[in-house]
Amino acid sequence: MSDDSDQEKTEQPTEKRLKESREKGEVPRSRDLSGAAVVLAGVAALMADGPTSFGHARRIFAFGLGYSREALFSDVLPGRVLHAALREALALFAPVALATLVAALAAPLLLGGLNFSGKALQPKFERLDPIKGLGRIFVLRGLVELGKALLKLLFIGTVLALLLRHWQGALQATGRGTVSSGIAQALGLLGQAALWFGCILALLGGLDALYQKYDHTKKLRMSRQEIKDEMKESEGSPEIKGRIRQVQMAQARRRMMEELPKADVVVVNPTHFAVALRYDEGRTGAPRVIAKGVDVLAQQIRLVAGSHRVPLVEAPPLARALYASTRLGQEIPAALYVAVAQVLVYVYQLKQAAAQGGTPPAAPNPEVDPDLMGPYR
């Protein structure tokens, strides 16, 4: 595969990319879906309180049509009628306004959820550039949004025009009957028109929500190289991890060498293996491995042990078994208790003979289960 194809953004965005997008305030939003929620909430509030709404509308008409001759020539009539009509209008539209306000605040939950971002509030002065603004209009995304707006206008206009044509007789009939019947019929037609409008917006909003979600994910797509770079940033490059591992190993080796002079004995396989043991009687249940190594590190252990007069005991099978079966700082396994005890007894007798000028004891040859040697048998 060529380098150019590797740079194509064909991979789905990672969790880190999605999180960074939300922190910037970039989440999928659908204005059509929010508008549909607002319209449907208003229609629902209007239709749920139909009799009360009818009463308020009837009283508004009554204020303008029903008054006495004396009131007609009164100076206070206009103000009194206007005040009463405004009060009834407020009572009529207050539930609708409250429902639409709640819907407007809750609509973002339908797509993208609530998201508060301080970065989105920061001013971006480059958006004030008229040249760049015209460029954004004529780019592909701007043309797509313009096409969507024209299609929505054509679709909604066509549906509403067909409804008006279908309701032509009902609209003309609103002025032929009584005031009460006319108001009731007008409110009914208004509610049906708003309901149709809300359903159309809901359909368009659902389609737009699917498109916005797809478009948002498409904008956040990543190339394979970007995913690799992100993994390096989060996990560290192999070179850095290797360097950290080397430093950790060097520190562990230095601490091991500092503990080595406290060892009771170093079991060796003359040239390849060296394992230092320490037994704190009363503190630990069994001897612990405080240093171990092979080849060059084993040679260093022998040199440090010799310079601090730590006894060296040649027991090749035991040295290999200790190295293979016991980690640094751990107690030896129970299967090696007898063999290690023979070595510690030998070291004790050796020190006693040196202090009293006696004959050194014979070096032990402890038996070890070959299975404990692992790959080093």
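This note goes through the model point by point, from the whole chain down to single residues.

1. Basis. The model is predicted, so local features need pLDDT of at least 70 and side-chain atom pairs count only at pLDDT 80 or more, while totals for chains, interfaces and linings use all residues. Residues are numbered from 1 along each chain as its sequence is written, and side-chain values use heavy atoms, with hydrogens and water left out.

2. Whole chain. The protein chain holds 16 helices and four strands; helices (H or I, at least four residues) and strands (E, at least two) are DSSP runs numbered from the N terminus. Of its 377 residues, 29% count as buried. Buried means under 20% relative accessible area, exposed means over 50%, and partly exposed lies in between (1.4 Å probe, protein chains only). The chain exposes about 24,600 Å², of which carbon and sulfur atoms supply 61%; accessible areas come from the Shrake-Rupley method with a 1.4 Å probe, and for residues only the protein chains shown count as cover.

3. Contacts along the chain. Among contacts with a separation of 6 or more, 74% are between residues 24 or more positions apart, where contact means heavy atoms within 4.5 Å. As a separate case of distance, the C-alpha atoms of Tyr 214 and Pro 28 are separated by 8.8 Å, although these residues are 186 apart along the chain. Tyr 214 belongs to helix 11 (residues 179-219) and is partly exposed, at 44% relative accessibility.

4. Nonpolar cores. A nonpolar core is a set of buried Ala, Val, Leu, Ile, Met, Phe, Trp, Tyr and Cys residues joined through side-chain atoms within 4.5 Å. The largest has 23 residues, and Val 267, Leu 277, Leu 318 and Leu 322 touch the most other members. At least two residues of this core come from each of strand 1 (265-269), strand 2 (273-278), helix 15 (316-325) and helix 16 (337-356). A second, separate core has 15 residues, including Met 256, Ala 263, Val 268 and Ile 301.

5. Strand pairing. Strand 1 and strand 2 run antiparallel and are joined by five bridges; two strands pair if DSSP finds at least two bridges between them. A hairpin of three residues links strand 1 to strand 2, and Val 265 has Leu 277 as its bridge partner. Strand 2 also pairs with strand 3 (residues 288-294), again in the antiparallel sense, over six bridges. Here Phe 273 stands opposite Val 294, and Ala 274 is partnered by Gly 293. Five of the six residues of strand 2 are buried; in strand 3, five of seven are buried, so strand 3 is largely enclosed by the rest of the structure.

6. Salt bridges. A salt bridge is a side-chain nitrogen of Lys or Arg within 4 Å of a carboxyl oxygen of Asp or Glu, and the count by this rule is four. Asp 280 meets Arg 278 at 3.0 Å, N to O, and Arg 288 at 3.9 Å. Shared partners join Arg 278, Asp 280 and Arg 288 into one network. Asp 280 is buried, because its relative accessibility is 15%, whereas Arg 278, at 23%, is partly exposed.

7. Surface patch. Leu 98, Leu 101, Val 102 and Leu 105 form a nonpolar surface patch with about 410 Å² of accessible area together. Patches are made of residues with over 30% relative accessible area and no salt bridge; like charges are joined within 9 Å and nonpolar side chains (Val, Leu, Ile, Met, Phe, Trp, Tyr) within 5 Å. Leu 105 lies in helix 6 (residues 77-106) and counts as exposed because its relative accessibility is 61%.
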